[in-house]
Amino acid sequence: MKPILVLLLALLCAKMAHTQTRKNYKFQVIDSAINQKMEYATIILTRASDSIMVNSCRTNIEGFCMLSIPDSGHFIIRVIYPGYVDFAERIDQTKLNSNEPYIVPIKQITHYLKEVIVKNVIAKMRLRGDTIEFRADSFLTDKNASVEDLLKRLPGISVDRNGNLSAFGRPVEKLMIDGEEYFSEDPTLVTRSLRSNIIEKVQVFDKATDQAAFSKVKDGNTAKTINLELKADKKKGYFGKIKAGTNFGSYYDNQVMINRFNGDQKLAIFLIHSNLGETGLSWNDTRTYSDFALTSKESVGFGSPQPSSLDIWDGNFQNRGLPNVLTGGIHFNDKLSNSISSNLNYKYNNLHLNLLSTNQQQFRLNNIFYSNYQSTIIRNRANTHRGIIKTIVKLSNSSNLIIGVDLSNNSKAINNNTASTLFTDTTSKLNSQHRSLVANGNDRIFNISLLWQKRINTNVTFSISSKLLNNWNRFNGFITANDSLFRNNMLNKDSLTNQLKNDSYENVSANTKAILTVVLNPLSTFAFTTNYTYNKSQSTLSSFNKTANGEYVLKDSLYSGIYDVSGHNTSLGLTYIFANTKIISTTTIETGISSINQMYQKENPFLQKRFLFFPSTNLTYKFKSQHSIIFDYSGATILPQLNQLQPILTNIDPLNQLVGNPALSPAFRNSFFISYINFNSSKQKNFSFEGSYSFDINGFSTSGNIDEFGKRTYSLINLQRNKRVSIYCSYSKSIFSKLIELNIVARVNGGENSKILNGLTILTKSINYGLTINPSIYQQDKFSTELKTSLELNSVKSLSPNIEKDQYLNIVFQPVVSFNLQKFTVLKMDWFVTKYPTNRIYGNAQSISLLNLSITHSIFKQRSFSFQFYAKNILNNDTGLSRYVNNNYSTQTTFNTIGRYFMLSMNYLFSKTSKSQTK
């Protein structure tokens, strides 16, 4: 009887379980990495207590399937798909909705393996040879953050409030994308226009010329460079930025940048029209750090452009005054065939600048205290075109030909009006001046370079380069100066200068250099170098006085003349390279002869022959993969430039006149450099140190004279005691459970120089100490804060009698706070405070306080469109002020800046790449 009862009870329970209330729910399986709907995925429902299967289904082409689940009980769903990690999750029936599908995200096994590698092996920053590399995704930024926002978070890289970049204490001269030139002359344009989420890596290194990189023979021509390596899925598609901003009054800021990338093919176009001085105003002369430049070993001494004395403006906006810019450019890079690739960069820039400045300069000499007060009104214009083309032709599997062309045309209109007064002991007037300069001119440059690289066999390489550089500079204009000289505060003499000036400079340089590199064994390599340079330069200055009938036809022979310099040098060099797993050592000895011929007024040639010597050695020792030290020494013969030699007197400023010195001898500079890097990824701390020291033998200096009326004349001479020192230390560490990133930078810059003034040799030591502490907290899409504080002490001490010591302390406080008020609204505040304490020369303490506030509201799911309200200089206290101490001069300059304004802008960020939809 009992077995029958047990059987009936079991059947009753089974019937109750079978008739338990159920509901049908829709599930959808997707690949969460690429948002792909997964067909034929198997979903299994099991009981949580014993893992017995209750139900199952398989997804359709849209990734959907229906699953019947009991209303009560505890269950687990499992998703199985080949090549994907099994998904398992406890189901809460109360949170299921029969009207909406339940999304089940799954990931590929390879994706999980990649995550493990990234999180546990790859450091945030690491050392790869001579390159410091940052993993961009390891430094969190907001969704629409710019590259500049990313760079601000990287240890060792600093971005000032004007967007200028420095890396480990040195200015960044080049910015590249995927190793290619990309509007290199204007890094700020790139960093403020591109979004950070397209960047995979940020690499910092000293870029060598193509020939130096191929031959491994350093030529001393390097540029501190940042390379932005794009993410793989961002290298195919398009992205860009459109911005329109106005204060409905006098200020506007409009920008367009479009990028289209397709593997090796890259096309970028930008256009900016703005008068805020934020972006698109830089015009760095990257020729100084490029394959078009002549190194100190190649140049005869006159290879760099020599501007006219009328050309007193470099055509750039230096964050002083009120700018108005219209600028645009195009970048194109493509692999035209299997053997040809080309890179094109073109930029146009039209800049108008209005500047009002005052200058207070003071110095002490022979117990006499001099004070010069000067005010200047500047209205300048510049119109510049520049294009650079670089083509690489693969001639065979073992040889390449690299062709480079650099063209530029820069037209300027200069209008300067200056008033100045010189006092002794602040009460006795020595002179006063009212001066006007109105000039127009043009500067043209045509450079071409050829480099042939040949790998003869596995152990031998050969390269030969040729460069042709031509610079043409012509200016004409009017100089008017009314000078008054005083004795005992009474007018003693009054003079008027009113002249028409026609200046012309032309320079042609040609260079050929060949390098043969031979690998003797796995440890030793020899390289042989031969170098030849020819140069011809001519300076033609013409000054015409005004006649009674108002014509400028009377030639002034004192300020007119023709000066020719031509010459050539030949040198031979030997390099030995030793390399193993721990040590890389390079030693070079290069010597040669320079022949320089100077001629004034086409007669009386003056021939000089000089011995050239260029020793160098470099030693790198690797303690570990992320721990190394570098020591470098180089010596170089430095030949004087054309404008230092020409004996034609210039009177652009009749109270301060410079005359060249044809007998100026070459100088020899010894330079020492040391670098130490120690990155510890496991402890999230990094330390770097760079130090440099150099001194000149027979260096260039000035010999001047100040007469009883304060009129100064000076020329160049050779003197000893020119020294320079620079130290930079950077330390970064994550603290408080990685909540706070702490960055500390300490730096020292200084030097010692000498000059002669009124027969007295003045020896001066100057030094600048700086300390920056920057703790920051960042919570992605929530809030961020940065409290950057800098202390800077400047000190100048003269080693000569009767000259006082001068020093001053700067304090800079830069807090930045950003809050996400809502999901799509961000409030940001930044404050830049500079404090100049009381000074014995300039009186009471002064301060600059620049407070900015912005509110950005984004719309659409991807935040692609936003409105921004921007309030700049809310306190209206951004007084343009700078102080500078050098030699026995102390200078304070004030200048006008863009005042307080409120701006409303609309921003559209768009992108469509190989693994994304339009945003």
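User: Are Cys57 and Cys65 buried or exposed?
Analyst: Both Cys57 and Cys65 are buried. Buried means under 20% relative accessible area, exposed over 50%, and partly exposed in between (1.4 Å probe, protein chains only). The model is predicted: local features need pLDDT of at least 70, side-chain atom pairs count only at pLDDT 80 or more, and totals for chains, interfaces and linings use all residues. Residues are numbered from 1 along each chain as its sequence is written, and side-chain values use heavy atoms, with hydrogens and water left out.

User: What makes Cys57 and Cys65 a disulfide?
Analyst: Their S to S distance is 2.2 Å. The rule asks for a pair of cysteine sulfur atoms within 2.5 Å, so Cys57 and Cys65 qualify. By this rule the count is one disulfide.

User: Which residues touch the most other members of the largest nonpolar core?
Analyst: Phe134, Tyr182, Leu194, Ile199, Val202 and Leu228, out of 40 residues. Such a core is a set of buried Ala, Val, Leu, Ile, Met, Phe, Trp, Tyr and Cys residues joined through side-chain atoms within 4.5 Å. A second, separate core has 20 residues, including Phe27, Leu45, Cys57 and Ile69.

User: What does Val202 touch, not counting residues up to four places away in sequence?
Analyst: Its partners include Ile132, Phe134, Leu150, Leu154, Ile226 and Leu228. Contact here means heavy atoms within 4.5 Å.

User: Why is the pair of Trp452 and Phe462 called edge-to-face?
Analyst: The centres of Trp452 and Phe462 are 6.1 Å apart, and the planes stand at 70 degrees. Rings of Phe, Tyr and Trp (its six-membered ring) pair if their centres lie within 6.5 Å; planes under 30 degrees apart count as stacked, over 60 as edge-to-face and the rest as tilted. Trp452 lies in strand 25 (residues 428-457) and Phe462 in strand 26 (residues 460-487), so the pair ties together parts 10 residues apart in sequence.

User: How do you know that Trp452 counts as partly exposed?
Analyst: Trp452 has 30% relative accessibility, which places it in the partly exposed class. Phe462, at 25%, is partly exposed too.

User: Why is the pair of Phe611 and Phe613 called stacked?
Analyst: The ring centres of Phe611 and Phe613 are 6.4 Å apart and the planes meet at 20 degrees, so the pair is stacked. Phe611 counts as exposed at 54% relative accessibility, whereas Phe613 is partly exposed at 29%.

User: What makes the charged end of Lys429 sit over the ring of Phe486?
Analyst: The charged end of Lys429 is 4.8 Å from the ring centre of Phe486. The rule needs NZ of Lys or CZ of Arg within 6 Å of the ring centre and within 35 degrees of the ring normal. Lys266 likewise sits over the ring of Phe261, at 5.7 Å from its centre.

Key: Helices (H or I, at least four residues) and strands (E, at least two) are DSSP runs, numbered from the N terminus.
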